[in-house]
Amino acid sequence: MRVMNNKVTLLSLAVAGLFAASAAQAALNLDTGATSAIYASEAIPISPATTFTLTNTGAIPGLVTRHDVVVADQFAHNSIDEGLRLAKARGVRTAKFAHNDPAELEQALRELRPYRHAVIAVDGVYSMSGELPPLREFQRVAAANDAILYVDDAHGTGVLGGQGRGTVRDALGGYENTLVVGSLSKALSCLR
Ligand SMILES: Cc1ncc(COP(=O)(O)O)c(C=O)c1O
């Protein structure tokens, strides 16, 4: 972590929390995914339509204080949006930028200055279109603007990249200044 060295513990806690939430969800078969839904109907009589979406909603507000800002791609997953709303309710300034557009991202950050740190939240794969974000450009913008890149790789984890390790490692060669959020409710919940 280049920017948030002093927040490693906080990040670890946030990540542990969100994986715990995801694991709990998988264990309870509350996801709407086909595999989980079948298990739910066999195991406990819970409606397959019941969904908990806690991943980004819990993690994003936990990463920032009112001295920080959060910017998100306009097409980022709804749970990122919910995370922004919660952060905003706690006094954190937030903004959206045009889809997959590094120049618009940079502009949004410029307009939010001054701030201490920024979190740039994007999806690793956009599930409705299959598009991938320009992670290299976003990483460059993050490094130049006191920001950390936050990638929700819910749909890439276990599916894309070498050995299914997701989109970030393939695109960036590592995790420098980047926080990757996976989900146990997608590919991993299909494992038997
Ligand atoms: C891109 C993306 N991020 C996050 C989530 C939420 O994941 P979870 O339900 O494991 O909290 C979903 C669920 O549909 C998603 O599609």
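The model is predicted: local features need pLDDT of at least 70, side-chain atom pairs count only at pLDDT 80 or more, and totals for chains, interfaces and linings use all residues. Residues are numbered from 1 along each chain as its sequence is written.

Five strands form an open sheet with parallel pairing, in the order 2-1-3-4-5. Strand 2 (93-97) and strand 5 sit at the edges, each pairing on one side only. From one strand to the next, the twist averages 20 degrees. Strands are DSSP runs (E, at least two residues), helices are DSSP runs too (H or I, at least four), and both are numbered from the N terminus. Two strands pair if DSSP finds at least two bridges between them. Strand 3 and strand 4 run parallel and are joined by six bridges. Isoleucine 120 has leucine 149 in strand 4 as its bridge partner.

Leucine 179 lies in strand 5. Why does leucine 179 count as buried? Because it has 21 C-beta neighbours inside 10 Å. The cut-offs are 20 or more other C-beta atoms within 10 Å for buried, 12 or fewer for exposed, and in between for partly exposed, with C-beta atoms placed from the backbone. Leucine 179 and isoleucine 120 are 59 residues apart in sequence, and 9.9 Å apart in space, C-alpha to C-alpha.

Now turn to helix 6 (residues 135-144). Its buried residues are Leu135, Phe138, Gln139, Val141 and Ala142. They lie on the same side of helix 6 because they cover an arc of only 160 degrees around the axis. That arc is taken from the directions from the helix axis to the C-beta atoms. An α-helix has 3.6 residues a turn, so residues three or four places apart point the same way. Arg136 and Ala144 are exposed, on the face turned away from the buried side of helix 6. The cover over the buried residues includes helix 5 (102-112), strand 3 (118-123), strand 4 (147-152), helix 7 (167-172) and strand 5 (178-181). Contact here means C-beta atoms, placed from the backbone, within 7 Å. Just after helix 6, aspartate 146 takes a positive phi of about 50 degrees.

Last, the ligand. It is surrounded by 15 residues, and the closest are Thr55, His77, Ala154, Ser183 and Ser185. A residue is near a molecule if its C-beta atom, placed from the backbone, lies within 6 Å of it. Helix 1 (8-28) and helix 3 (55-63) each supply at least two residues of the shell.

Notes:
Two residues are in contact if their C-beta atoms, placed from the backbone, lie within 7 Å. Axes are lines fitted to C-alpha atoms, for helices over the stretch in contact, and angles run from 0 to 180 degrees between N-to-C directions.
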